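Good morning. Please have the sequence and the model open while I talk. I will go through the sheets and then the helices.

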Amino acid sequence: MALKATIYKAELSIADMDRNYYGNHTLTLARHPSETDERMMVRLLAFAIHANEGLSFTKGMFDVEEPDLWQKDLTDAIELWIEVGQPEERRILKGAGRAEHVIVYCYSTASPIWWKNIANKIERAKNVSVVNLPAETTAALEKMAQRNMQLQCTIQDGQIWLTDGTDTVLVEREVWKAERQMK
């Protein structure tokens, strides 16, 4: 018998002053049985950071051919490929070959070990960025996970604040690999 996803609903209000993006999103997140609340909240955070009308959650863990989130243009070309966690080198390079930009958000205490083992293997991929989120930050985000959430995200001067009305989390990002500009 196949295990079913747990459905989470989020009303997400975003004020991104760095990109001049302001929007309200009604989101439905399907949490795979093997996915933790922490990972799901990192996916939600990634959505908030890159929000626009073309960005969407994919089948992700249900389909190995798709990332966790992607943004496609009107021709169905992939503009942005977002992975969460510690994906294999092969998966990152696959995204780099299919998308204009790839971003990996890693977040566990084991991320430095993963990064040490994979960094030189993906260095040649110019369109890949790797961003680490501190484990204590994502643990705080995990505590916000509810089946029905109302969240506000404010982004200004590179700082990200996520609140559920009761708790507020400051998200500090550490860029381990920045996308190189193509010439």
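How many bridges join strand 8 to strand 9? There are five, between residues 148-156 and residues 159-163, and the two strands run antiparallel. One of the residue pairs is Q156 with its bridge partner Q159 in strand 9.

Before going on, the ground rules. This is a predicted model, in which local features need pLDDT of at least 70 and side-chain atom pairs count only at pLDDT 80 or more, while totals for chains, interfaces and linings use all residues. Residues are numbered from 1 along each chain as its sequence is written, and side-chain values use heavy atoms, with hydrogens and water left out. Helices (H or I, at least four residues) and strands (E, at least two) are DSSP runs, numbered from the N terminus. Two strands pair if DSSP finds at least two bridges between them. In general, strands of a sheet pair through backbone hydrogen bonds, either parallel or antiparallel.

For angles, axes are lines fitted to C-alpha atoms, for helices over the stretch in contact, and values run from 0 to 180 degrees between N-to-C directions.

Six strands form an open sheet in the order 3-4-5-6-7-11, and the pairing is mixed. Strand 3 (55-57) and strand 11 have a single partner strand each, so one side of each is left without a neighbour in the sheet. The twist averages 20° from one strand to the next. Strand 3 pairs with strand 4 (residues 69-72) in the antiparallel sense, over three bridges, and F57 stands opposite L69 in strand 4.

Helix 2 lies across strands 4, 5, 6 and 7 and runs at about 150° to strand 6. Which residues of helix 2 are buried? In this helix, residues 89-98, they are I92, G95 and A96. They are on the same side of helix 2, because they cover an arc of only 100° around the axis. Buried means under 20% relative accessible area, exposed over 50%, and partly exposed in between (1.4 Å probe, protein chains only). The arc is that of the directions from the helix axis to the C-beta atoms. R90 and G97, on the other side of helix 2, are exposed. The cover over the buried residues includes strand 5 (78-84), strand 6 (99-106), helix 3 (111-122) and strand 7 (128-132).

Helix 3 has its own list of buried residues: S111, W114, W115, I118, A119 and I122. Their arc is only 130° around the axis, which puts them on the same side of helix 3. The face turned away from that buried side carries the exposed residues I113, K116 and N120. Helix 2, strand 6, strand 7 and strand 11 (174-177) are among what covers the buried residues of helix 3.

Notes:
Contact = heavy atoms within 4.5 Å.
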